[in-house]
Amino acid sequence: MRTFPTKASLVLAQILVSSSAAPGAGDPAAGKTVFASHCAVCHATEAGQNKVGPSLAGIVGSKSASVPGFDFSTAMKEANVTWDDANLDKYLANPSGFVHGTKMFVNLPSETDRQNVIAYLATLKK
């Protein structure tokens, strides 16, 4: 009887499930710290308080260019992106590569920082 494929599959599944790089695996408290040092100069976390960038209150799960009162770029208006964990990760890693023509020019190169910020953003409600 051959059991190798089954055992290998179980080991692989365990590795994938326990991986800290899995989407949604970030630390909201660490993300709040990264947000404060990298994002807060341009983005507010309170609904209705836009700065240079839009308020990020309730951003997770929302559609691109849907924050009231903010003047989004044409590119962002046409992007039709839902801000889930995967899209936020891609955007934060390379904003202009993900939405060519966006006004945002700052990225977060660290995968850990991105996952932590995304976890923090998920705590923000409108």
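The chain exposes about 7,700 Å², and carbon and sulfur atoms supply 59% of that area (accessible areas come from the Shrake-Rupley method with a 1.4 Å probe, and for residues only the protein chains shown count as cover). Before we go on, please keep in mind that this is a predicted model, in which local features need pLDDT of at least 70, side-chain atom pairs count only at pLDDT 80 or more, and totals for chains, interfaces and linings use all residues. Residues are numbered from 1 along each chain as its sequence is written, and side-chain values use heavy atoms, with hydrogens and water left out.

Let's start with the overall layout. The chain has six helices and zero strands, so its elements read α-α-α-α-α-α from the N terminus on (helices are DSSP runs of H or I with at least four residues, strands are runs of E with at least two, and both are numbered from the N terminus). Of the 126 residues in the chain, 34% are buried (buried means under 20% relative accessible area, exposed over 50%, and partly exposed in between, with a 1.4 Å probe and protein chains only). Among the contacts with a separation of 6 or more, 42% join residues 24 or more positions apart (contact means heavy atoms within 4.5 Å).

Eight of its 11 residues are buried, so α6 is largely enclosed by the rest of the structure. The buried residues are R114, Q115, N116, V117, I118, A119, Y120 and L121, and the buried residues of α6 pack against α2 and α4.

R114 pairs with D89, and their closest N and O atoms are 2.7 Å apart. This pair links distant parts of the chain, with D89 in helix α4 (residues 85-93) and R114 in helix α6, 25 residues apart. Both D89 and R114 are buried.

The other pair is D71 and K103, whose closest N and O atoms are 3.9 Å apart. D71 lies in the loop between α2 (28-38) and α3 (74-79), and K103 in the loop between α5 (95-98) and α6 (111-121), so the pair ties together parts that are 32 residues apart in sequence. D71 is exposed, with a relative accessible area of 55%, while K103 is partly exposed at 48%. S73 is buried, with a relative accessible area of 9%. Leaving aside neighbours within four places in sequence, S73 is in contact with G101, T102 and K103.

The largest pocket holds about 570 Å³ (on a 1 Å grid over the protein atoms alone, a pocket is an open set of points where a 1.4 Å probe fits, with protein on both sides within 12 Å along at least five of seven lines, and lining residues have an atom within 4 Å of a point; the volume is the space filled by probe spheres set on the points, which are joined across faces, edges and corners). Its lining comprises 32 residues, with H43, G53, P54, Y91 and M104 nearest the centre. The elements that give two or more residues to this lining are α2, α4 and α6, and α4 gives the most, with three residues. By type, the lining divides into 23 nonpolar, eight polar and one charged (Ala, Val, Leu, Ile, Met, Phe, Trp, Tyr, Cys and Pro count as nonpolar, Asp, Glu, Lys and Arg as charged, and the others, Gly among them, as polar).

Key: Salt bridge = Lys/Arg side-chain N within 4 Å of Asp/Glu carboxyl O.
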